[in-house]
Amino acid sequence: LYLFALAPRVGQVVEGVGQFQVASAAALRIADAERLEVERVEGAGEPGPPVAVAFREVSFAYGARPVHRAVSFAVPARGLTAFVGPSGAGKTTLLSLIERFYEPGSGCVLLDGEDVRHWPLARLRARIGYVEQDAPVLAGTLRDNLTLGTAGCPDADIARVLRLTRLDEVVARLPRGLDTAVGHRGSRLSGGERQRVAIARALLRRPGLLLLDEATSQLDAANEAALRATIAAAARDTTVLVVAHRLSTVTSADRIVVMEAGRVRAVGSHGELLARDGLYASLARTQLLTS
Ligand code: ATP
């Protein structure tokens, strides 16, 4: 979703989708660089303590287009929380508000009980690992891509995240291993491999808060299952928020937040939400063929 590539500076808002369409192609390259700046923030290496997240009556609009209407929820430090719901419900925008790419029109986003507006941006971003849809991959080597923001980290740490994301098998096949150039925008890697590079990069930062937006959407079933286990394991020490379309990726989440048209419709575990027979149950019926 390249809409996000236009993420303006804090406080700015892109007015109207028409303008976006005109601007998108030209903006993309610059925007990639900007987005990578977020990940270049140093300060990773030591495991960040897990971060508690809360939205309190958050309303947000892109210009005249309302997205969130009084969104409230709370997520404790540690654990896996999934955001599901129809396209356009506002799930990606919710993650942007946490990263402070935008600020709410009213209400507030709290991290560890403190309004994100009071967090210095560098500190905020050093604590967060963010894998967005179509996460950018640079033209450098695989190592450059993995260690963005964690330059000089020990090889053992790199080897660990390569195993966790099953990239070790990919690296073994590459002519120069980690020092293989991945091509313009990572073109020598498959879409699924690029996604795993982005996840590995985020894990290497050992963030206290890991935001994953459709981060495993292009993986085949075997890799997706492996990554699901990796993400679940990460959630033991880190707060993990995932946005997912495929419900199969979220059924074991500690809690699922169901969103529709900018509102929180329900929060619960997979079992609880199925039992409530609302929007989640109907999504599950079509996707998981549950009766
Ligand atoms: P999807 O599941 O399709 O990714 P989503 O639930 O993540 O959708 P968002 O991407 O947060 O939803 O978008 C919410 C609404 O805001 C949509 O109507 C979308 O078109 C609009 N929108 C998203 N980004 C922008 C932007 N930068 N400028 C203007 N409108 C935007």
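Strand β3 (residues 79-84) and strand β8 (residues 239-243) run parallel and are joined by five bridges, strands here being DSSP runs of E with at least two residues and helices runs of H or I with at least four, numbered from the N terminus. Within this pair, Gly79 stands opposite Thr239 in β8. The model is a predicted one, in which local features need pLDDT of at least 70 and side-chain atom pairs count only at pLDDT 80 or more, while totals for chains, interfaces and linings use all residues. Residues are numbered from 1 along each chain as its sequence is written.

Both strands belong to an open sheet of six strands with mixed pairing, in the order β6-β7-β8-β3-β9-β10, where two strands pair if DSSP finds at least two bridges between them. At the edges stand β6 (128-131) and β10 (263-268), each with a single partner strand, so one side of each has no neighbour in the sheet.

We turn now to the core. The largest nonpolar core has 69 residues, and among those that touch the most other members are Ala82, Val84 and Ile256; such a core is a set of buried Ala, Val, Leu, Ile, Met, Phe, Trp, Tyr and Cys residues joined through C-beta atoms within 7 Å. A residue is buried if 20 or more other C-beta atoms, placed from the backbone, lie within 10 Å of its own, exposed if 12 or fewer do, and partly exposed in between. Helix α7 (residues 191-204) gives the most to this core, with seven residues.

In helix α5 (residues 155-164), Ile158, Val161, Leu162 and Leu164 are buried, whereas Asp155 and Ala156, on the other side of α5, are exposed.
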